[in-house]
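Subject: Structure handover

Hello,

Here is the structure I said I would pass on. Please open it first, and then read the notes below with it in view.

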Amino acid sequence: MNRYICIHGHFYQPPRENPWLEAIELQDSAYPYHDWNERITAECYAPNSAARILDGGGRIERIVNNYSNMSFNFGPTLLSWLEEKAPETYEAVIAADQVSRKKFSGHGSAIAQVYNHMILPLANARDKETQVIWGIRDFERRFGRRPEGMWLPETAVDLETLAILARHGIRFTILSPDQARRVRAFGKRAWRDVTGGRIDPSRPYQLVLGTGQTISLFFYDGPISRGVAFEGLLHRGDSFADRLLGAFVDSRDWPQIIHIATDGETYGHHQSHGDMALAYAIHYIERNGLAELTNYAEYLAKHPPTHQAQIYENTSWSCVHGIERWRADCGCNSGQRPGWHQRWREPLRQALDWLRDVMAGRFEVRGASLLKDPWAARDEYIGVILDRSPANVDAFLDRHAVRPLSDEERIRALKLLELQRHAMLMYTSCGWFFDEVSGIETVQVLQYAGRVLQLNRELFEDDLESGFLVKLDRVPSNIPGFKSGRAVYEKFVWPAMVNLEKVGVHYAVSSLFEDYGTRTPIYCYGVDREDYRSFSAGKIRLAVGRARVTSSITRESGQITFGVTHLGDQNINGGVRPFQGEELYEGSVGRIIETFERSDFAELVREMDRSFGAGVYTLDLLFRDELRKILDSILAATLTEAEATYGQMFENHASLIRFVTRAGIPLARHLQVAAEFTLNAALRRTLEAEILDASQIRRILDEVQKTRVQLDVATLEFSVRNKVERLADWLQEEPTGLDRLKILDQAVELVRMLPFEVNLWKAQNAFYRILQSLYPRFQSEAALGDEFSRSWIEEFRRLGKKLSVLVP
């Protein structure tokens, strides 16, 4: 067959980790999920690992891993997050590449990506090199093979970048048709201009580089890709398939490849159920033998280029002006803020370029005193990022050090390399993509710059931050409250900065609410308790102690002493200081304890100030996740009291509330709040109970209907979904258990009576796995007359019907 189809998804999220904690903190805008990575995983990355194909009756006929049937790349920073936070999805992505190698003549469908989504034509040669090396090494570690292709962020391209790719063994990349300049057949002298996207995308092209090397280019089908991304082509899987098949042209006398490329998040996050449309389209094409699915590497091996191409340098797929979106006010923006300018882009890049260049010189000079070749060490530092175990870090340092290094020198070497890592992270493309310098993506790159400046202070004992802030003064904001990038930096970067002392503050304050052991991990730090004493008097609590705080990234370590009191609610008083000797510490602790035992709390505050430094602390000094956890604990009693008050009000006036609602008269606000609070709380408690009470759920829902209460759907759906998922996991532990089947069946039955849709994706997956693995055995045993197997099959089929899964 000479008709091939390849669908490429570029799966990527901007790094959201706090640069000082190496973790994503709670993001309320992603509710009910912890953060946007978690939410998009639930909407896209996970669904594509188990996409549904439905029969004519809307039942799940098959569940397939889309990744094994398409071409894809994942951003390395996103894969790192998935590996830790969503391991099941991560493993499905890795497994899909292994399956695709069997399907596509030994060629895996995964391709690599430049490490942290830097716009390479705007990078210096050294950063380009490291970004490509890191992308390749990350890919090799995860997929267990060399990548054949590499995705360029925003498909931004220049010849120097392509030469670096070719030098490192990358065979191909994917570009927009608008980036093609001219083409010619092998052996022909005349070039044909294809400006404006007029290139034929149904074949690969060879680009000859100035070094004499070559690289193959695939220019994706622009109209179909736009249809998928922006024009609703994923509303129906059959329409999607027909559009792909309609791109074949009978007059072409070569093996045609119809291929598209879009953001992978289109399949489920941007376009709801896009994962299902993709799965059905692939299924439809394969089942009917309408074309042969392939990936780029397999097609290239079977059908090498017969034409050459030349490109327009400094171009991309998401800026009609080339790459100006990442350095100028070119007019490209989200379109959501008419009247806003992007004049901030150019001076922001200039400020970061200045910081990068100053740091490069310092890194080279200082690094040479510790490392044989600082830049070679940077290129290999990806091995440390991927494995920060002490043995691996020591082996890396031993390999690159000019001599055996002391512990202090090892810390300096790691800080130098971390400085360079963050100096590259601060060029993540999303920082310039959107509309405003105070946007979360731009704040993120400013935080990376802040980490660079902090490391510079610690390494070189001078402060470049003031000069950097002067440059940020020239970065204009659209928001009057900010005026310039300086105000954005001061508001969002300074409070986010962390050092050993701030980790100590977090430990000290949170120890009043947490039962910590002798060693406590706090993000990328470890806290070893050396002494800890706590006391309480009524609602007032006191803690004093000594601990060692150590960074697992740089190995920097320091002893701290602390004293902290909780005076009720959010009121905290205390301080943290470096350890200044046993005698001074014991003297301070003794005086504080004596004062506390006298209940002289005014003097206690003064003594704490003398011993540890003045400071009235509030809970917002805590890192965000711990803050939310402690606030929930503090507020629990208040919420219980409020629930009782509202519940009594609702009970006393329920009849009146129903009458007013039935009469169509607007309900007084305080009665409306009482009804909503009481019924939502009651329904949530019932849905989260160990045993689900169907009659109680019906009574509450009946009351909701009579009072026309607005349900908190996001919270309730998330709660009941988690309940069902726990029961599904419980069933998988012992799938032959008939009682477990029945309990899950009852839970799903109750879900169906709720006035909102519940996502049963994980429960359906669990059911489908049992259907594939265990059901055939029970069928055989039931056919032989086994009564238990017959009962199990009957119950299993009943559950399958409720889960909308087709059971043969």
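Helices and strands here are DSSP runs, numbered from the N terminus; a helix has at least four residues and a strand at least two. By that count the chain has 29 helices and 20 strands. Please keep in mind that this is a predicted model.

Overall form

The chain has 808 residues, and a compact globule of that length would have a radius of gyration near 28 Å; the value for the chain is 30 Å, which agrees. Along the principal axes, the C-alpha trace spans about 95 × 80 × 60 Å. Of the 808 residues, 56% are buried. If we take the contacts between residues at least 6 apart in sequence, 68% of them join residues at least 24 apart.

The accessible surface amounts to about 34400 Å², and carbon and sulfur atoms account for 49% of it. The side chains include 98 positive and 109 negative ones, and the centres of these two sets are 4 Å apart.

Nonpolar cores

Which residues touch the most other members of the largest nonpolar core? They are Ile5, Phe74, Phe240 and Phe468, in a core of 167 residues. Helix H16, residues 440-460, gives the most to this core, with nine residues. There is also a second, separate core of 54 residues, and Ile657, Ala728, Val751 and Ala782 are included in it.

Leaving out residues up to four places away in sequence, Phe240 touches Ile7, Val228, Leu233, Leu234, Ile260, Tyr267, Ala277, Leu278 and Ala281.

Helix H7 and Arg243

Arg243 lies in helix H7, which covers residues 237-245. Pro223 is 20 residues from Arg243 along the chain, and the C-alpha atoms of the two are separated by 9.9 Å.

Two threonines in helices

Thr89 is in helix H3, residues 87-103. With a relative accessible area of 7%, Thr89 is buried. Outside the four places on either side in sequence, Thr89 touches Thr41, Tyr45, Ala46 and Leu82.

Thr130 is in helix H4, residues 125-143. Thr130 is buried too, with a relative accessible area of 0%. Its contacts, again without residues up to four places away, are Arg378, Asp379 and Met424. Val114 is 16 residues from Thr130 along the chain, and their C-alpha atoms are separated by 9.1 Å.

Loops

Arg146 sits in the loop between H4 and strand S6, residues 150-151. With a relative accessible area of 46%, Arg146 is partly exposed. Apart from neighbours within four places in sequence, Arg146 is in contact with Ile136, Phe139, Glu140, His168 and Gly169. The C-alpha atoms of Arg146 and Val132, which are 14 residues apart along the chain, are separated by 13 Å.

Where is Pro32 placed? Pro32 is in the loop between strand S1 (3-11) and helix H1 (36-49). The peptide bond that joins Tyr31 and Pro32 is cis, with omega at about 10 degrees.

Two further loop residues have a backbone angle to look at. Lys483, in the loop between helix H17 (465-472) and helix H18 (485-492), has a phi near 70 degrees, which is positive in a residue other than glycine. Lys483 is exposed, with a relative accessible area of 66%. Arg708 is not a glycine either, and has a positive phi of about 55 degrees. The loop that holds Arg708 runs between helix H24 (694-707) and helix H25 (713-733). Arg708 is exposed, with a relative accessible area of 59%.

Where to begin

Regards

Notes:
Residues numbered from 1 in each chain as written. Heavy atoms only, no water. Rg over C-alpha atoms; globule rule 2.2 N^0.38 Å. Buried < 20%, exposed > 50% of the residue type's maximum accessible area, 1.4 Å probe, protein only. Contact = heavy atoms within 4.5 Å. Areas by Shrake-Rupley, 256 points an atom, 1.4 Å probe, with all protein chains shown as cover. Lys, Arg positive; Asp, Glu negative; His and termini not counted. Charge placed at Lys NZ, Arg CZ, Asp CG, Glu CD. Core = buried A, V, L, I, M, F, W, Y, C linked by side-chain atoms within 4.5 Å.
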